[in-house]
Amino acid sequence: MPIGRFYAGVSALVWCSSTRRYLLLKRSEKKDFGGGAWECVTGRVDQGEGFAEAARREVLEELDIEAQVDFLLGVMHFYRGEAAPKNELVGVYFACSVEEPGPIRLSWEHSEARWATAEEAYGLLPAGHWLVEAIRHAETMRSLLSPDLLEHFRAWFRPG
């Protein structure tokens, strides 16, 4: 495979702290890749933009809500489609939160939004789906983080 550039992407797994539910989004059939699949907020990082900044921007663009970046869930290398340089991405996964999101305004990128508990999400998503693993990791982290440590991570990802 030729050596070249790859894209950077972000995923923002949005969790509502008051209901303890995750926001799942169904990709629009109009999308060029993965139409009809369930996901969380995803997108590419713009030139000159930081990863946490990109996650906040994508949530605002796709849902019209502001989310707090809580902590890093992980980093993955993957191909968006066939294993070709034009499809290669490094993705940074963030756990984000909102207290009371209000109504979700979907962009053209998604056809449906659903708030689900972790157990409901596991039942909705196919076994081995990347989002199942992200939710499991987020659940573990949320159960282990003290309020002080969560605030420490949040401060790290706040703008400015």
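## Close-up views of the predicted chain

View A. Asp 64 is partly exposed, with a relative accessible area of 45%. This is a predicted model, so please read each view as a picture of a prediction. The loop that holds Asp 64 runs between helix H1 and strand E5. Look at the backbone here too: phi of Asp 64 is near 60 degrees, a positive value in a residue other than glycine. Most residues other than glycine have a negative phi.

**View B. Arg 20, in the loop between E1 and E2.** Here the loop joins strand E1 (7-16) to strand E2 (21-27), and Arg 20 sits in it. Arg 20 has a positive phi, near 60 degrees, and is not a glycine. Is its side chain setting buried or exposed? Arg 20 is exposed, at a relative accessible area of 54%, a value that passes the cut-off of over 50%.

**View C. The chain as a whole, for orientation.** Four helices and seven strands make up the secondary structure of the chain, and along the sequence they come in the order β-β-β-β-α-β-β-β-α-α-α. The radius of gyration is 15 Å, close to the 15 Å that the globule rule gives for 160 residues, so the chain is as compact as a globular protein of that length. Along the principal axes, the C-alpha atoms fill a box of roughly 45 × 35 × 30 Å. Of the 160 residues, 43% count as buried. Among contacts between residues at least 6 apart in sequence, 67% join residues at least 24 apart. The chain exposes about 9000 Å², with carbon and sulfur atoms supplying 54% of that area. As for charge, there are 18 positive and 24 negative side chains, and the centres of the two sets lie 3 Å apart.

**View D. The two sides of helix H4.** Which residues of H4 (residues 147-157) are buried? Leu 150, Arg 154 and Phe 157 are. They cover an arc of only 60 degrees around the axis, which puts them on the same side of H4. An α-helix has 3.6 residues a turn, so residues three or four places apart point the same way. The cover over the buried residues of H4 includes helix H1 (51-63), strand E5 (68-79) and strand E6 (88-98). Turn to the other side of H4 and you find Asp 148 and Trp 156, both exposed.

**View E. Tyr 22, a buried residue of strand E2.** Tyr 22 belongs to strand E2, and its relative accessibility is 0%, which counts as buried. Leaving aside residues up to four places away in sequence, Tyr 22 touches a list of residues that includes Leu 13, Val 14, Trp 15, Arg 114, Trp 115, Ala 116 and Ala 118. Ile 135, Ala 138, Glu 139 and Arg 142 are also among the residues that Tyr 22 touches. For a sense of scale, the C-alpha atoms of Tyr 22 and Glu 39 are separated by 11 Å, and these residues stand 17 apart along the chain.

**View F. Arg 142, a buried residue of helix H3.** Arg 142 lies in helix H3 (residues 130-144) and is buried, with a relative accessible area of 14%, below the 20% cut-off.

Terms used:
Residues are numbered from 1 along each chain as its sequence is written. This is a predicted model: local features need pLDDT of at least 70, side-chain atom pairs count only at pLDDT 80 or more; totals for chains, interfaces and linings use all residues. Side-chain values use heavy atoms; hydrogens and water are left out. The radius of gyration is taken over C-alpha atoms; the globule rule is 2.2 Å times the number of residues to the power 0.38. Buried means under 20% relative accessible area, exposed over 50%, partly exposed in between (1.4 Å probe, protein chains only). Contact means heavy atoms within 4.5 Å. Accessible areas come from the Shrake-Rupley method with a 1.4 Å probe; for residues, only the protein chains shown count as cover. Lys and Arg count as positive and Asp and Glu as negative; His and the chain ends are not counted. The place of a charge is taken as NZ of Lys, CZ of Arg, CG of Asp or CD of Glu. The arc is that of the directions from the helix axis to the C-beta atoms.
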